Amino acid sequence: MPFTFPDVTGRHIFVLGLGGGCDVITAYAASRLLSPGAARVVYGNTKTDSAGPVERLTPHVARVASPVPEPGHKPKGCGSAAIDHGVPRGAHGSPWIVLLGRDHDADALATEIASLGFDLIIGVDAGGDSIVTKRGRPRRGRDQRVLAVLLRTRVPVLHVVVAPGCDGESRTGDLCDALAARLNAGAYRGCFPLAPILPVLREQSSGLSEARTPRIVLAAADGRLDRTATGRVVVPRGCRPAVPPSWLAHAFVFEPAAPQRSFS
């Protein structure tokens, strides 16, 4: 079922990477699909540790405040947030960073995010950890913790899982079960091909290890990943799941079942 993003003309949109790391690159790439010239689009990521030089907007939401790096150069003085500080700066202060403490108050953080006046929040997760359960129990990693916070904001939320399995952190069977559960719950809204954002992923991930998620998505698109005898693609990372090639070429969109305002 093809998915098309809603008309966001004149709206205030937050495209947030749920899992940290390279999710900021994926969030930035996804934001390019929203006609940002017609809307106020902010993109960002989630961090649980140092975020580098930032300007606080609320106690736990900030925007990067480091000097704009020269093309092809890694930002200096940003520590583990170098990727976040290295994506292009947006007209509205992007990238932003949501600071998720290990003992965070989910309701308080949700209130902070809601206070920023967004009309729609798009949570982006490369790999699928945000939907996977293991032995019937949520993994409750960063992705799922952030998604739970977003649902508490009462702002309409779209949940985008990019290239399920590309992070190598979930087994194929667990991913299949998770996708089926969302479908059966009526939360699935469709999928869209990653081809339009591959040039953005290629540009922004240049210089990163081939084991990082954008590089794995690109390797799959370029036909450079090993295949099993049944034609599945082997993800060269983590538990090395063998997944259908179509998974690494698409993003799957869900609308959480929790009551929330509609986006219209």
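User: What should I know before reading the values?

Analyst: Because the model is predicted, local features need pLDDT of at least 70 and side-chain atom pairs count only at pLDDT 80 or more, while totals for chains, interfaces and linings use all residues. Residues are numbered from 1 along each chain as its sequence is written, and side-chain values use heavy atoms, with hydrogens and water left out.

User: What is the volume of the largest pocket, and which residues are closest to its centre?

Analyst: A pocket is an open set of points on a 1 Å grid over the protein atoms alone, with protein on both sides within 12 Å along at least five of seven lines; lining residues have an atom within 4 Å of a point. The volume is the space filled by probe spheres set on the points, which are joined across faces, edges and corners. Here the largest pocket has about 660 Å³. Its lining has 26 residues, and His73, Pro75, Gly86, Gln204 and Ser206 are the closest to the centre. Helix 2 gives the most to this lining, with four residues.

User: How do the residues of that lining divide by class?

Analyst: Ala, Val, Leu, Ile, Met, Phe, Trp, Tyr, Cys and Pro count as nonpolar, Asp, Glu, Lys and Arg as charged, and the others, Gly among them, as polar. In the largest pocket that gives ten nonpolar, nine polar and seven charged residues. The second largest pocket, of about 280 Å³, has two nonpolar, four polar and nine charged residues in its lining.

User: How many aromatic pairs does the search find?

Analyst: Rings of Phe, Tyr and Trp (its six-membered ring) pair if their centres lie within 6.5 Å; planes under 30 degrees apart count as stacked, over 60 as edge-to-face and the rest as tilted. The whole structure has seven such pairs. Phe3 and Phe5 are edge-to-face, because their planes are at 90 degrees, with ring centres 5.1 Å apart. Ring pairs also link Phe3 and Phe5 with Phe192 into a cluster.

User: Is Phe3 buried or exposed?

Analyst: Buried means under 20% relative accessible area, exposed over 50%, partly exposed in between (1.4 Å probe, protein chains only). Phe3 is buried, at 14%, and Phe5 is buried at 14%.

Key. 1 Å grid on protein atoms, 1.4 Å probe; cavity = no way out; pocket = protein on both sides within 12 Å on 5 of 7 lines; lining within 4 Å. Helix = DSSP H or I, 4+ residues; strand = E, 2+ residues; numbered from the N terminus.
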